[in-house]
Amino acid sequence: MEKEKLVKALENYFEDCKFRKRLNNKTIKAYKIDLNQFFEIVNNLDDEVKEINEYIHFLNKKYSKHKTVKRKLASVKAFYSYLEYEEIIEYSPFNKVRTKIKEPHVLPKTIQKENIEKIIQYLLDRVSSAKTDFQTIISIRNIAIIGLLFSTGIRISELCNIKVADINFNEKTLKFFGKGSKERILYVGNTDVIELCKTYIQLYRENIDCEYLFLNKFDQSLSEQTVRILLNKLEKELSLQTHVTPHMFRHTFATTLLEKGVDIRYIQSILG
């Protein structure tokens, strides 16, 4: 494409982005930077497919973040799609270019053992220092929540939907309905966690009709947001360096089993 024709096409493209697509100025500015960089690097457009492949190599060498490379390529690809749609060019050279960038596999984050110990000890201290029966009940509830997350690897949605009837204290099992409403029964190997759940029920459930195990102060089923708030509060109170999320307990549980030599297929069946 001739230089004058290219400049005009770019002007029209940015106008299209602004008024038809209604993109904000920040996005359009990023597009301009990416396209200017592309046309500065690519000097000869006689063989566009070859030029684009060389540009991909250039981006991979220059930028360590795969997301940056993918974004810059997407900017150029969008411009060529516009040219093809407006019939300024017959077809986009990206139709013949493989632009899929393989991102590095990032291992899921886990909670360090010392942080788990800090959290449990902090909650135990809260039970000891409780001044009212309500504070005692809430503290025991919170320990049971952390204990179940850590010792079973259940999802936060599964945790909040546990019903009292789902717990078999004699067999130390929990019944869950996970993704796709698939039922699975999980053995809880940590006796202390089962006993905590039993204590919580005995202290709190005597005159309550709600079928769910973990309740809020209004005697209603605990929400996922409340559990996240609890974890955020623990993180701040203990000055933990790691941001703790419910899903990290799931990864920590799986990693612990892997380190003990448990077959990965069995772990997958436990996690549902």
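# Briefing: predicted model of a 272-residue protein

Buried residues account for 39% of the 272 residues in the protein. The model is predicted. Its average pLDDT is 83. The protein holds 11 helices and 3 strands.

**Fold layout**
- Along the sequence, the elements run α-α-α-α-α-α-α-β-β-β-α-α-α-α.
- Of the contacts between residues at least 6 apart in sequence, 55% join residues at least 24 apart.

**Dimensions**
- The radius of gyration of the protein is 28 Å, whereas a compact globule of 272 residues would have one near 19 Å.
- Along the principal axes, the C-alpha atoms fill a box of roughly 80 × 40 × 35 Å.

**Surface and charge**
- The accessible surface of the protein is about 17500 Å².
- Carbon and sulfur atoms contribute 49% of that surface.
- The protein carries 45 positive and 36 negative side chains.
- The centres of these two sets lie 2 Å apart.

**Confidence**
- A pLDDT of at least 70 is reached by 90% of the residues.
- Helix α9 (residues 224-237) has the highest mean pLDDT among the elements, at 90.
- Helix α11 (residues 264-271) has the lowest, at 70.

Technical notes. Residues numbered from 1 in each chain as written. Heavy atoms only, no water. Helix = DSSP H or I, 4+ residues; strand = E, 2+ residues; numbered from the N terminus. Rg over C-alpha atoms; globule rule 2.2 N^0.38 Å. Buried < 20%, exposed > 50% of the residue type's maximum accessible area, 1.4 Å probe, protein only. Contact = heavy atoms within 4.5 Å. Areas by Shrake-Rupley, 256 points an atom, 1.4 Å probe, with all protein chains shown as cover. Lys, Arg positive; Asp, Glu negative; His and termini not counted. Charge placed at Lys NZ, Arg CZ, Asp CG, Glu CD. pLDDT = per-residue confidence, 0-100.
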